[in-house]
Every structure is written in structure tokens, then in C-alpha cells.
Amino acid sequence: MRAFNSINGLVVPIDRSNVDTDAIIPKQFLKSIRRTGFGPNLFDAWRYLDEGQPEQDNARRPLNPDFVLNQARYQGAEILLARENFGCGSSREHAPWALEDFGIRVLIAPSYADIFFNNCFKNGLLPIVLPETVVDGLFHEVLTQAGYRLHVDLQQQRVVTPSGVQHEFVVEEFRKYCLLNGLDEIGLTLRHADQIRAYETLRAQQEPWIFGVRS
Amino acid sequence: MTPLTLYEKLWRTHVVRQESDGTALIYIDRHLVHEVTSPQAFEGLRLAGRSLWRKNSILATADHNTPTTQQTVIADPVSRLQVDTLDANCARYGLTEFPMGDHRQGIVHVIGPEQGATLPGMTVVCGDSHTSTHGAFAALAFGIGTSEVEHVMATQTLVARPSKTLRVQVDGQLPLGVTAKDVALAIIAKIGTAGGTGHAIEFAGEAIRGLSMEGRMTLCNMAIEAGARAGMVAVDQTTLDYLRDRPFAPRGGEWDLAQAYWRTLHSDEGALFDREVVLDAGAIEPLVTWGTSPEMVVAVGGRVPDPALEPDLTRREGMLRALGYMDLSANMPMTDIWIDKVFIGSCTNSRIEDLRAAAAVLEGRRIAPNIKLALAVPGSGLVKRAAEAEGLDRIFMAAGFEWRNPGCSMCLGMNDDRLSAGERCASTSNRNFEGRQGTGGRTHLVSPQMAAAAAVAGHFVDVRDYLPHHQRTA
């Protein structure tokens, strides 16, 4: 996993609440057996005027000029500003894969759906929760100031606006540690392999049917 | 001793290691695997040279891409590769799989319980948000992403933090024509699609006790649509009766031991929940969604809401966008909405009881001429067989439905079963998101019997006017 420390990134606003993972990456792209290459199909149904198919040349497809990701001022955005309950619905990790592949490193919203929030951390993405009034203010600023950037510092747990206003955010200690160091969580867990085996032995005495081999 | 909630009991039993920051390593008993969210996890294991921790925790099946027609080979090469990849991975690691063509194959959330692979007291995970379904058996069941699928495969554990608890109590008895699906939608209407975020929901109360296991699964299935990763129902006699003699369930002395333990899997008297919500079952009506989020739902006798009456600006804009996408106007009666297609199926509503309920409405009737396609898709090969043994297939086909092979089908349209742009569907599935059933498609979520009644009328109608006579007078 790619480590994350801090960025000073261009912000793109997605001004809708309850954005679901079907919208972030539509089903037809879930047929891929790879982890990469989903970026061109991020928000596919909103971004293009035609219906996208896997393994298509996306450069030749008609773009929806009204969709923010297609507007010149947001090209190269690394921070996605969103509304409440972002990432609801399907558990597909293809959603953070698509965001990451597109170049997004940070999300800022008043709330996220649980599974999506979790999935972000596994892929070097930092989903930041800020109060609704603060997010409202950021929406106003990004819409009124071309080239709007935010400075995001994970170590300091701080978002800084161009005018110097600082917003602190909360992040779980373990997630922060993994993200700052780009650590593989499986490797960390396997350090406790003995403890997992001891648990299994105990549990197998109490609920042997859990461990029985059947077919 | 402090009274505990069901969730707390399940959580405590599975903690392998408690960390000081509040997270814990929790043990996973059952891992259900399907073709869409597993290939990258298997690949990750392979690249890291890791092995699977406990192979017999895994039950795998292909369901999302599988055709529901008679074809035995998937025509779409991209879909076929994904299913072939699952088969190859299961063969490579020696995993139990019900592949395409196996009579036990079906939707992962239908076959787990059907096989008794989902048992009370278990932690159950799957790379699929509707894993909450299995909570109907007093299991702690929740959906995970592919990185966590890999983590479970390699370590049999997950790093997690306990959820907050929410008890949704549904008092009284459900009126005739009102099903578990309507209860689920009524709860979502009350608390919203983010209402359960960060929580595990326990469904309780007389109306829940009165539900069959199929009904409880429908309800827990939709917990994720209320934002909760996990939904659950306490063990009672209904649970035990369902599980007895299932292929993966314990037998003999082990069964006796198991059921004695399982009977303790309920919230203790006086246990404290972080939040409680109470609904009156008697006030719930057959519901239909009108928008592009499951919380956008009204009674079938009601009207499409008017965004002008919504004070919150973001919400109002969401309603306007939904009405535009759905091509509906404010204040129109729900019964004036005409439909093009009908889908009875999905991990929400494809079990035998669902098919029986729909067939009871369809018996002796025909679908309306404006219905282009009506699909009945059983949740598994075994559900299909059971339905055929009862003659339900003949009722569906005589009514003009297509009787299909099991799979996720038109719930998300990863196979060929899809809506075309602009088409409107009465669907027993779980999500009415934009494009969910096909790009530009319009989904209205309903119960199986409401879908059947809509198929007959050609537009939404109150199923209570269509119930068989003996049910109405009962």
C-alpha cells in the first residue's frame, strides 16, 4: 500500500448526498479480475454520455460537459469534497480502487458508509470526516475560487484552507500508523499467529461444530 | 452480571486480542466467497506467498455473473473469465465450491443458510454488503471489502472496533398483505439510509418473532440499506427448526450441545442499547419506493412526495434529481405509475416463501400486456427444485413469467438480465440506485406479492386487493 503523509491538493466537489458505490464504479466494471485500471471509469454513468463497457477505449467516448470531473478547473484533483453518507451501498472495493487510480488521495465529507470508509484505508486513501457546517463552507469556497487547494496533513491531523483556517480531524491510531507507513495489515496480524491458534484451540472445545470438516 | 445485548455476546466470544486503542482482532468462523470480490484477494495471497489459514471456513459459489437462462457457458468473455477464475482458485486451494451447474449453486446469501453453513453464534463475512442477511440466525454477519477478504483468508481474523448497538423493535402483528420487505422499507423510511451507520441493528418485538426465517433474512438483508453493516435476530424455536438436519449443521450429540448454547443467543433482560427505535407493525402498509434511494419510499396508496415541501436544501435537490431520473412528478398517485418489467428474485426475496407469496397472487391470472418481461429467479438450485415440486414454476409460466435459473440476475445486472435506459421495473431487490439494474433503468422496490400484483395490473396496485380469497377472509 502506498504511504500517505501530507498533500497540498486541488479539490473537486461532488455536491450530492448518499453517493453510492454503484455510482462511483458501475457494475459492468466489476467483472475485472485485476485491482488496477478502474480510474477511467470512475463515476462512469455521470462522466460520459454513452454507456461504458469494460475494456473499451475511454478516450474516444463522449464526455458529459456538465459533470465536475470533466471541467478544466478540476483536472488533476487529488481531494474529493463530498456530502453525507458518501460510499453507501455495495461493499465493492473497486470504488476506492477507482478513486485511487484516478488520482484521488483524500476525501472530505460529513459522513461515509462504514464499509467504504474501511476500504479506503486499505488502499492509501484518507477519508476525512469534518462537521457539516465546515463541509458547507468548503463547498462554498471551492465553488467560488478557481484552483482551490487544501493542505492535508495526516501526522498533524489537520486540513488547512488557502486563507490559513485550520480544521482538525480524528483518525484511528492504528489506521494512521498503517497509512503513514504504507503497511500491509496482514503482515502485522500474522505477528499474532500464535494467539490466533490458541484462540482456535479453546473455541474448538466449546463449539466444535465450527471447526468440523463437512461437505 | 451486567446484562448484555446479543451483539455484545457475539463480539466478546470472537475477540482474539484486544488492543489498547479500542480495536480488536476478531475471529471469523465462516467465510462466504463469490467470483466478483475474490479474484484480487486470491492474487494478493499468491503474490505474497501466503497460504489460507482455515480452508474449511470457506464456502464458495458463483452468483453475480451467472446466466439465468439455460446456457451452460457464459457468453460474455469478461464474465466467463471471472467465474473461471473462481473455479480455478477453489481448485488450487481445495475449497468447497458450488460451481455453475451444481444443483446447490445459487446466491451466496441464500445458499449459506440453506446449507446450514450459517449457524447461530458465528461470525460470518463475505465480500458483499448483503452479508447482513445471515444475522437472521443470531450470527454476527457483515460485508467486507476485498482487502479484508484477503486478510480473512490469510489470518482468519479482522481488525475491527465494536459497533454501537441499535434495537429496532416492531410491536404488534403485521397486517395482511404486509411482509418483511415492507417492514425493512418502513424502518429505512423512519431512520434513513444512514440511520444505522456505525451500528449493529437487532430486530426485536412481536412482529419479528412472528416472521419465518425467510422473512428474518429479508429484514436483516436490508440492514445495510439502513446503513448498518450488521442486522440480527435472536435465536428462538423458529431458528432451530430451520437449521435441524441442514447439511453443514451439527448432528446428534453435537446438535444438542449446539442448540443449548444457541438458546442463550438473545439480548438479556435489561441490556442497554446505544439507541432504540420502536415501530407499530399494525401501521405498516405495502410500500413502494419512488426515488433513487431506499429511503425514498411511500405507501402504495400514497403519492409521490413534493420536493417543494422539503425544507432541507440538499435533500430537496436530491429529491428533484431523483424525480428527474425516475421521470415522475410530485404528487402523482403511486398507483398511476406504469411499469415495463418485473423482477422477482435477489438475495432479499428469492427464497421459497417469496416465490409462494408471488405465486399465490399470480395463480389464475396473466401479466398485463404492457409488461415486456417478467422474471422469476429462484435464489438457489435447491429453492428452484422445491418450487417446482410444489408446481410454482407452472403458475409463474402460466401467468406469463419466465422461470429462470438461480443467480443475482437483475438485482444488479452483471449478467444479461438488465433494464434498458428508461425502462421501469417493479423489483423485489434491495437497491433503487441510479443505473443499478441497467444504465438509465428505473427501479421501484417492492415485496414479492406487490411485484406480482403490479405485473398483473401493469402498474402499482395495493396487493391487498389481489390476495387469494381464502387469505383475505382468514
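Trainee: How many disulfides does a search of the whole structure find over all chains?

Mentor: A disulfide is a covalent bond between the sulfur atoms of two cysteines. This is a predicted model, and a search of the whole of it, over all chains, finds 0 disulfides. Cys178(A), for instance, is in no disulfide, and the nearest cysteine sulfur, which belongs to Cys120(A), is 15 Å away. Cys347(B) is likewise in no disulfide, although the sulfur of Cys411(B), the nearest cysteine sulfur, is 5.9 Å away, and a pair has to lie within 2.5 Å to be counted.

Trainee: Are Cys178(A) and Cys347(B) buried or exposed?

Mentor: A residue is called buried when its relative accessible area is under 20%. Cys178(A) has a relative accessible area of 5%, so it is buried, and Cys347(B), with 7%, is buried as well.

Trainee: What does Ala82(A) touch, leaving aside residues up to four places away in sequence?

Mentor: Begin with its place in the chain: Ala82(A) is found in strand E2, which covers residues 79-82 of chain A. With a relative accessible area of 1%, Ala82(A) is buried. Once residues up to four places away in sequence are set aside, Ala82(A) touches Ile14(A), Ile108(A), Ala109(A), Pro110(A), Val135(A) and Phe139(A). Take Ile14(A) from that list: Ala82(A) and Ile14(A) are 68 residues apart in sequence, yet 5.2 Å apart in space, from C-alpha to C-alpha.

Trainee: Turning to chain B as a whole, how many helices and strands are there, and what is its radius of gyration?

Mentor: Chain B has 16 helices and 19 strands. For 474 residues, a compact globule would have a radius of gyration near 23 Å, and because chain B has 21 Å, the value agrees with that expectation. Along the principal axes, the C-alpha atoms of chain B fill a box of roughly 55 × 55 × 45 Å.

Trainee: What share of the residues of chain B count as buried, and what share of the contacts joins residues 24 or more positions apart?

Mentor: Of the 474 residues of chain B, 66% count as buried. Among contacts in chain B with a separation of 6 or more, 76% are between residues 24 or more positions apart.

Trainee: How many positive and negative side chains does chain B have, and what is its accessible surface?

Mentor: Chain B has 45 positive and 54 negative side chains, and the centres of these two sets lie 2 Å apart. The accessible surface of chain B comes to about 15300 Å², and 50% of that belongs to carbon and sulfur atoms.

Conventions. Residues numbered from 1 in each chain as written. Chains lettered and ligands numbered in written order. Predicted model: local features only at pLDDT ≥ 70, side-chain atom pairs only at ≥ 80, totals over all residues. Heavy atoms only, no water. Helix = DSSP H or I, 4+ residues; strand = E, 2+ residues; numbered from the N terminus. Rg over C-alpha atoms; globule rule 2.2 N^0.38 Å. Buried < 20%, exposed > 50% of the residue type's maximum accessible area, 1.4 Å probe, protein only. Contact = heavy atoms within 4.5 Å. Areas by Shrake-Rupley, 256 points an atom, 1.4 Å probe, with all protein chains shown as cover. Lys, Arg positive; Asp, Glu negative; His and termini not counted. Charge placed at Lys NZ, Arg CZ, Asp CG, Glu CD.
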